[in-house]
Structure formats: structure tokens, C-alpha cells
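Visitor: Hello! Could you show me how to read a few features of a protein model?
Guide: Gladly; let us look together.

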Amino acid sequence: MIIPLLLATGLLFLTLLSPAEAQSDRPTLRVPWAPIVGLYEERQTGLTGLFADLANAVAARAGFDIDYVRVADPPSVLRALAQGEADMLAGVARLPILEERVVFSDTIGSTAVYLFVRSDEALGLTREDLAGRRIGVVPNTVADSATNGLQGVIEPHATLGGAFAALLARQVDAVSAVHKAGLDFLQAAQIENRVRIIEPPLQEQPHFVALNPEFDDLMPAINQALADMRADGALDVLLRRWNFTPINELSDALTVGVLNFPPYTVVGDDGSYSGFSVELIRLLAARGGLSLRFTEIDLPSWSEGPQIGAFDLLPVRSVTDAEKGTFIFSSPVETIVYATFVRAEDADSAFVPQDGNLGLISSSPLRATISQELGVTLTLVDNLEHGLRLLREREIDGLNFPRSAVLTHLEQNGLTDQFIEISSPRFTNDLGIVARPGLSETITRFNVLISGFIGSQEYRDLHSEWFDEAEFWTRGRIAALLYGTLALAILGVLAFIIQILKARKRADQLRLAEKSARNRLATVLNSTSQAIFGFGQNQELALANPAGRRLIGAEEDDASLTWPASAEFVPLNSGNPLDFGPKDSFTSTNEVLGELCRFRLSPNAPPKYVRVTVDRVHAKTSDLEAIMIVENDHENELNRQKLERSQRLSSLGILVGGLAHDFNNTLGSILLNAQLGDVRPKDHKLLFDRIITAVKSGQELTSRLLSFSRTRTATGSKIDVADSLAKLRVLAEPAVTEATTLVMPDVTPNLQIRCDEGELENALLNLILNARDAIQASGTGDFIAVNVRTYGSDALDASDAHPVPIVEISVSDNGPGMSEEVKLKAVDPSSQQKTRLAARVLASQPSMRLRLGCRAVCPFIPNWVGARRCVCICLPKSRTMWRCLSGTKKSGPAQGNAFSWWKIDRNCASLWKNC
């Protein structure tokens, strides 16, 4: 008695477990289940049915997981939730057993109790017409209670199947049952077309998601999931698939879904339907006395197959064992060949599926078979046009597709010379008419017709019409060719005359267009704020736009142009002026791209910051050899300098905080010794020595602080690495917090390099402070290490024919690292950017190019265990030849300039990764 009650009113819906990987923070709800036809069904693919599928869909949207718990029988499902042994049931009615023990969601839908009668009953039959007639029902169910008020004779039956058997045997005239339970049984028994329902329903009852109060915080998410499913139609599709939603009576005509898939199914622009399988099912239906109605469907509908409320038949579909339990297939009407096509230029090279990328239509029933047999992962395409486009663009190496469909498409679109069919891999699959459950008698009738139709002349003619190539040179086409040739000859003469006239008109148009283009170009040159100069074959100044004339002080109407001898562009990164005039030769070394320069028209004229671009003119027909574009960047450069100053002051503030303690100790030492001199006059010599030492220490701290706070004139000298690192420790240790360990190396005595000591120490200090800031900001890392090593320059460049000794000073840490943007902005003390990085590589800052004489490289991994990031500064040892580290000899610096050449690698980011 409880089992029918559960089938009639329990319409339980479970929430779908998301196919994504379960996450630890997602709640897991226990859901009881027992095998019930149409509700819970165990198949090879897993648990399915109305309850399982709909519950899984809700769970995926609401963000929780499901743990299915199997119980002994259907009544135990309700009992488990009522007794707190389960957490959720979706779709349950407000039954007394649950009313005060669970919380309910918004309404999912409602079930209806209907009267089922035989299909041969008179149309328009109503419940009043059943007065005095026999009505079968399962006692003590909702369907039983819904018959109250009917004037018929109620006859009880133990099971719903027994009641329908009595209906078909005419022992009763109607059966009262819940719509879903009744339709599930009729479909399973394949007698759906022999029974229909009488509208309106006897009773309707709403259903909800029932939730254990322990998880009532999930109810808003469940209600939102139901609302979303209702809005996008997913809920309606799922309810209709499992017979939850009542449908109207079926019409006498069967609906056939047609997807445009030439030559099997063709949907015309005028809405007509044709194709081999469409014409075939029409002929079979005419022979069997069946009425058909065609409707166009999309690819997802084709994949889902025929369903009640959607369409009843598909004219042709691949017959697969996996779908035989879902649909009803007819006998094969055609065997489809899945052939492989490649680009025509690849026809001579063997196609190996394991090495190539094979495309396959997403709706192919052979997808799993092909993937398993070839052992490859397939690329799925939406349709034939999509697959051919991917093949043409070489995103796939081959396309496996129904052979006849591809050949027809290639011929119709003139693509036969672009793609070619190869002998393998090739697969075959039988095609048959497919029907939804409940139409087994219709498919049986089709099978009888197919057995006699296949092999007939009518079938061969139909097959030949859609698949065989038609004779091309028919008599009509030959006549058309002759007449066409004559017409073309006449048209050719006319076209020649017309072409002459059009050529004249075109020449006039081109002259006007050329004149207009020259005017537009002149307007652009005259209007732009950028100064544009052109240099002729002899390097003389050949042209200048108005902005260029104003830049060099030339008159607007001055026909003769001369480059001012006193004008100069001084790049900020080198300090060597750029000269442009007859004495220069514009080779590749003269080409400049966006160089920031300081421009002076004369030595006494105020400077301007500009960006200069110089490039050669490669057009052979041009009388210009080079073009120079000068863009005013004065305001931007002034703002950048202000920003650098602001950043320098910010960095100074950071450093002062670390040095204040040490300087306070110095002042305390001076005060203490001065006070001791007052009370211990005998020790005045010792006390004055201490005071002097403390003052010198304070002076050294102050000097370093001033050196760090501003960019000063660099002075090169021999530097003892050990002494310099000892001074660096004095500056760095107060600024590094106790949570971070600063490790300094033991350096070999008398290891000397030649550079500006202050700039080197500031660069290293900057790296240490940046590493400290990144470690503190991210909470990742606990040490910063400085290493020193020596090696030959050929370790950096194997092609270096003249290696020189190199001293490498590296700063490494185990912090989080840096962004690509700031890898080139780290050494200059003014570049104290607050970014999350543990270190930065050397930047191409103008102030540093000549001061350090270093190169940002990472030739070796530091010896410090656990280091993740490092920056290496490579300097030549003292008394080493002045030349680039790359091995290219360079002339030494001018007399009085003790700095080496600077070279910065633009691929520093890739060298960084090797560290």
C-alpha cells in the first residue's frame, strides 16, 4: 500500500552531484533511494531516472554534493528522511510523515491524477460520461482518493499494471492514476498508443525539495537553482523527459524531426524538407497508411533524440547498442561510411592517426568506437563547414565524416581540388528510423515495409538520385555550351570596348585620387605637432614640416633648408650627441627608435626633452635616405624626474627608519664619553678617541644616507669587495626585520673591482630592501643572502675569444619573486617601487649606465640552499681591459673617465628564469 502511495505522491527529486571534482568546503547531503521505475533506475552509466537526474541538476547549481544511500524498499525512502537518517528529498509532496520534520523549498511542479481510457473511446469523452461505468484504481493511494465524487463503479486492483490490463481487456472502462506513474508503465509495456487521458485532471498536488533542518542554510541556494532551471528551460525539459509534466493528446500524425544534413536530410530555404532519408520515410509511411508531419530541429535536439512533447521520429540515425534501451530502432535502411579527408597538398604523405589530430562531428555515434580503436583524442566539430575550416587552417590534420555528405558538399561548393579522401581510417555504421518509447507498433510496421522495400527498383532509384553522380554532358548541357560560347564571344567584343572607356575614366580617377592623397598628406604634415625631417641622398636636410621648421628656427617660407650646426640631440642614456648632417652616413648604427634626448638649438638656448626616431628609407624610388621624427616630451620628462625625486625621498624615509637607531647609538656614545671626560679627566685621551671614532661613524652613516637620497656625480675607483660589503652590512642590517635573516659572505681579502663604490652599495642595498618589502608584504620567505664569486667572462659568452676575470655579486632570497614589468627597474636607488617582488634585475636607468659598468645576467644558480630568486651584478676585476662582456672589443673610456662600457640584455627576463 505504501509503494503505490510513494509512486503517486512522492515524486521525489534529488539534486545532481556536480561533475566537477568535489571540494573540501562543499557540503555533502545524504539522499536515500530504492529502485523505482522511472524514478530511480540503475544503468551501466550510473544512477538515473527522474529523481536522480533532476536532483543532480539542482545540486550542480546550488553548490553541494550528494551521497546516495540505498535503502531496503521505496517506503524506506520517506522513512529515512523523516527519522533524520537522510538529509534531502527533492520533489516530495507535503506528506504528513514529513510535515513537521523537514523544511520545504519553493514549488518545483505539480503532479496530476487523470482518468486513463482506451484510445478507441469516443473523442470528447468527459468524467460525467463515465457515470455508472467501471473505474479501476489501486486502493489507498492519491489516485484512489481523487475518485471521490465520481459517479462510476470503483473496482480495486492490487497493482497499477493489473488495472491497465483490465482496461485493455475491457473489464473496466477507465483507470484512475497519477499521470507519471501511468505513463511510465505504459511506455515500459509499449502500449502507450493504445491508451489516452481525459482532461481535465481529477486532482493536482504541488511538490517541493524537502531538506533536513540541519542544512536549512542551503535552502536559498536550492530555490535559486530551481528558479534558474525554470528560467533557462532546463527544468521543463527534464520534467517532460521523465513524464512528470502532463502533455496533450497525441495527434493522428507523427512528428518527424529534420536536421539539415545533406544528402540524408535537406532543409530548403523555403522551408521544404527533402533528402534521401526524408523521401524514404515518406514512401514507407504512404505504403503503411501513416500520417507524418515534419519539423526542423537543431543539433542538440538531434542528439537527445525523439521525446514526448518534442517529436516522435527521426528519419535516419545511427543504430547503436548504447541507445537501444532509450529509443526504438527500425531495421537498417542504409549503411553510412565514415571516411577520412585531408588537404589535397597532404595526399602523398601518410596520415597516422596517433601522430595527427583527427576531427569528428560531435553528434557522431561512433565517437567512442573511433577514439578507442585509433587510440587518439578526437577534435569535435559542430558541422561539416566547421570541420573543413579547421582542416583548411591546419588546426586538425584529418576529418572523419560521412563520405557522401562530404563529397556532395565539396562538389556543390567547388572545393574538390582542396580536399581529398584517403583509404584509412574508415568506419561503417547502419542507419535506421528511430522512434521514441511507446511507438513499438509503429516501428514494427516500418520494419515490415522496409523488408519489402529495400532492394526494390524504387529504392535503387531513390538511392541513385541522392548519392550517385549524375551524367554531366547531357544533350541539353552540350547545346547550352554552344550557345554560351557564341554569347561569350559577343560579350567579349563588347567588354573590350567597354574596358577601353573604363580605363580612360579610371586614369582620370587615379589622377584625382593622387592629387587628393598629396593634399591629405600635406595637411597631415602641416597639422601634426611632431617635427618631421627628411634627409636626402647626400645627407642634406631635404624637407621639414612646419613643426620641424619651428624646432630648428627656420622661416616658414624659407625654401633653402640647412641643419643648424649648433643644434644637438644628447641622449640621456649615453650623453653622446646625435649628429645629423652632410658629414654623417645613415647606416644601421645611426637608426634610433624613440630615444629620449635633451635638445638644444644653440649652447645658450634652454634645453627641451624630446623623443627622437630615425629610420632609413628603403624605397628605391625615393630621393630620401632617412626620416627623423622628433616628438616633444618635455612635460612628461619633467614629471618623470619629479616622480623619481618623490620616490627617492620615499626610499630615504624607509632607510632613515633603519639608520635612526644606529645614529642614536652613535650620539649616545658621544654623550657618554663626554660625560665621562667631565668626571674622569685623567682618561681624556681614551675618551676623546672614542668620541672621535663615534663622530666618524656618524659621518659615515650620514654620508651614505646622503648618497642614497640623491643621484650624485659618480667617481670611479678601486673598490675592495670585502670592505664594501662590510659597510653594506652596517646600512642593511638595521633595515631588515628580525623575521628575515640577512646572510653576508666571507670574501677573499684583496679582491678588488673598479667602479663607483657608492653606486654599487646603493644598488645592492636597493635589492636587499626590495626583497625585504616583498617578503613582508607576501608573508613568504625568511632569508636574504649576498654571494660573491669569480670566473671568466667566457662563462657568460662561449664565443668570447678574450675572456677576462669577472666578479659576480648576487643577491638572492626565497621570497615570492617579481613581475615582468619591474625586472628592468631595480638597481637605481630612485626606483623604490612598492611591489610584491623579492628582487629586481638591473635597469637601463641613465644614471647607472656608466656608474657600475655591470651587466644583468644569471649564469649560475646561487649556492645558497633554498633560494628561489636572485640578481647577479657582474663587474670586471680591477686592471681588466675595458670592453663589453659579450666579447666585442670596445675602445676604452675617454681620459679621466674611469668607467667601463655598459651593456644591458633585453632578454634579461629569460636569463632570470634560469636562476
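This is a predicted model: local features need pLDDT of at least 70, side-chain atom pairs count only at pLDDT 80 or more; totals for chains, interfaces and linings use all residues.

Guide: Residues are numbered from 1 along each chain as its sequence is written, and side-chain values use heavy atoms, with hydrogens and water left out.

Visitor: How many residues does helix α14 have, and how far does α14 reach?
Guide: Helices are DSSP runs (H or I, at least four residues), strands are too (E, at least two), and both are numbered from the N terminus. The expected span of a helix is 1.5 Å times one less than its number of residues. Helix α14 (residues 440-453) has 14 residues and reaches 20 Å from first to last C-alpha, close to the 20 Å expected. Just after α14, glycine 455 takes a positive phi of about 95°.

Visitor: Which residues of α14 are buried?
Guide: Buried means under 20% relative accessible area, exposed over 50%, and partly exposed in between (1.4 Å probe, protein chains only). In α14, the buried residues include Ile443, Phe446 and Phe453. Their cover includes α9 (276-288), β22 (419-435) and α15 (457-467).

Visitor: How many residues of α21 are buried?
Guide: In α21, 19 of the 22 residues are buried.

Visitor: Where is arginine 549, and what is arginine 549 in contact with?
Guide: Contact means heavy atoms within 4.5 Å. Arginine 549 lies in helix α17 (residues 546-552). Leaving aside neighbours within four places in sequence, the contacts of arginine 549 include Glu555, Asp558 and Leu561.
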